[in-house]
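Student: Hey, can you walk me through this one? I'd like to start with a helix.

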Amino acid sequence: MRRALLFVALLMFTGVLGLARTVAAQTSRSVYIRAGSLLDVHSGHVLQNMVIVLDGDSIDRVTKADEITIPASAKVIDLSNAFVLPGLIDAHEHIFLTGEDDGRYDEQLLKESYQYRTIEAIKNAWRDLDAGFTTMRDCETEGAMYSDVDVKTAIDRGLIAGPRLEVATRALSTTGGYPLEGYSPEVTVPSGVQIVDGPDEARKAVREQIKYGADFIKVYGTHKFYFEDDKLVSIPTFDLDELKAIVDEAHAEGRKVACHAYGDPGLHNCIVAGVDSIEHGLDLSDDDIREMKARGTWLCPTLYAYITVEEDDLKESDGTVSRASVHEISFKKALAAGIKIAFGTDAGPFPHGTQAKEFEYMVKYGMSPLQAIQAATIKAAELMDYSQEHWSKEVGAIDPDKYADIIAVQGNPLDDITQLEHVKFVMKGGVVYKNDFVQPSVDKLTQ
Ligand SMILES: [Zn+2]
């Protein structure tokens, strides 16, 4: 029955696949993209009347329109009335969460098979691609074990459409340090992460996750939190010895460690243990910021996710404080201190495909639009680099020899960052997945 379901889902996708294959076949001819405005994401310069020449799935060169003769036989994609930029990177999301409905988390883990959740994940990945995210770092499957590795493989093999993925698999926390929670001790319930205690168990779990396909290790440095007076208080999970064992083992195998942490000793221990990125980082102390700066620790802030839950937080704190209000202060301090910041959204608890809202808050809290776009392109690619994958050589900019991962919007996002919430053209690896400049997509699975 489960296999039958998966088969039906694959049939559903043949519309999309048909489109992808047709365009892929066309890319065997030379493809030229006319770009009215083209963002050089390195310098921030907007180049006018450019042509991008593709070579299969990659970019061959970028040149001024008046310096090239396009052969009559070539396929030309006309974006001469559009603003063209590199495909976006979301460095923190969860395709295995479809959290539009309140309380769905427990239901997903208790009532839905891995197979069903994988079908949902495929749809979520498609929504993200449709919104212009051509690469993503998927920050754990929330109880769906190693299914992210399968989705990644299916995308890479061209079986389904979706962004390029870097995957965490199961993630790690301690006993009592992650849902499902609140059930009777007599009932065995699934866990949203792999639960381990002590340095030895932690080290073994890192080995196991890498063995089965983890590109990086996701660890929870804090879990429970509450509001006291006008403060956010975060409870640590792992102790420093456990965190050091995780980081040591991951780094020995050439993998990075991403640490979910809100603040207080749980977050500080993660920095001192040598994690590569702090995810969320809501409540960074001045000491945390100094330490992150000295060590080159990344911050992946996911601002918008906390805006979506601000009302609930304010109810809980009697209107005194919310995670969003604490986070705004931390983000501004981190930005002023020159901490490396990569764009990530935590899409999943809120709908996939809507995460470009994050740009708005990055800019509202002090980033220039160019900085925000760089965080979602060259910076996010750099965060994702690890020993076996050189993302920054392959994605994040419209440069020769990088993948032809290209998007376009109507107006200039350097003037109005919300343009990125309305991506009209999406190409990944030379294949056009969306071109609303020609006609609205009919192959969408999202509506
Ligand atoms: Zn997350």
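Student: Okay, is α8 mostly covered or mostly open?

Tutor: Mostly covered: seven of the ten residues in α8 are buried, meaning 20 or more other C-beta atoms (placed from the backbone) lie within 10 Å of a residue's own. Helices here are DSSP runs of H or I with at least four residues, and strands are E runs of at least two, numbered from the N terminus. Keep in mind that this is a predicted model, where local features need pLDDT of at least 70, side-chain atom pairs count only at pLDDT 80 or more, and totals for chains, interfaces and linings use all residues. Residues are numbered from 1 along each chain as its sequence is written.

Student: Which residues of α8 are buried?

Tutor: They're D264, G266, L267, N269, C270, I271 and A273.

Student: And what covers them?

Tutor: The cover includes α7, α9 (286-295) and β13 (256-263).

Student: How do α7 and α8 pack?

Tutor: Helix α7 (residues 240-252) and helix α8 (residues 264-273) pack at about 40°, with axes 9 Å apart. Axes are lines fitted to C-alpha atoms, for helices over the stretch in contact, and angles run from 0 to 180 degrees between N-to-C directions.

Student: Which residues touch?

Tutor: L240, L243, K244 and V247 of α7 meet N269, C270, V272 and A273 of α8; contact means C-beta atoms, placed from the backbone, within 7 Å.

Student: New topic: what follows α8?

Tutor: G274 does, with a positive phi near 100°.

Technical notes
Contact = placed C-beta atoms within 7 Å. Buried ≥ 20, exposed ≤ 12 C-beta atoms within 10 Å, placed from the backbone.
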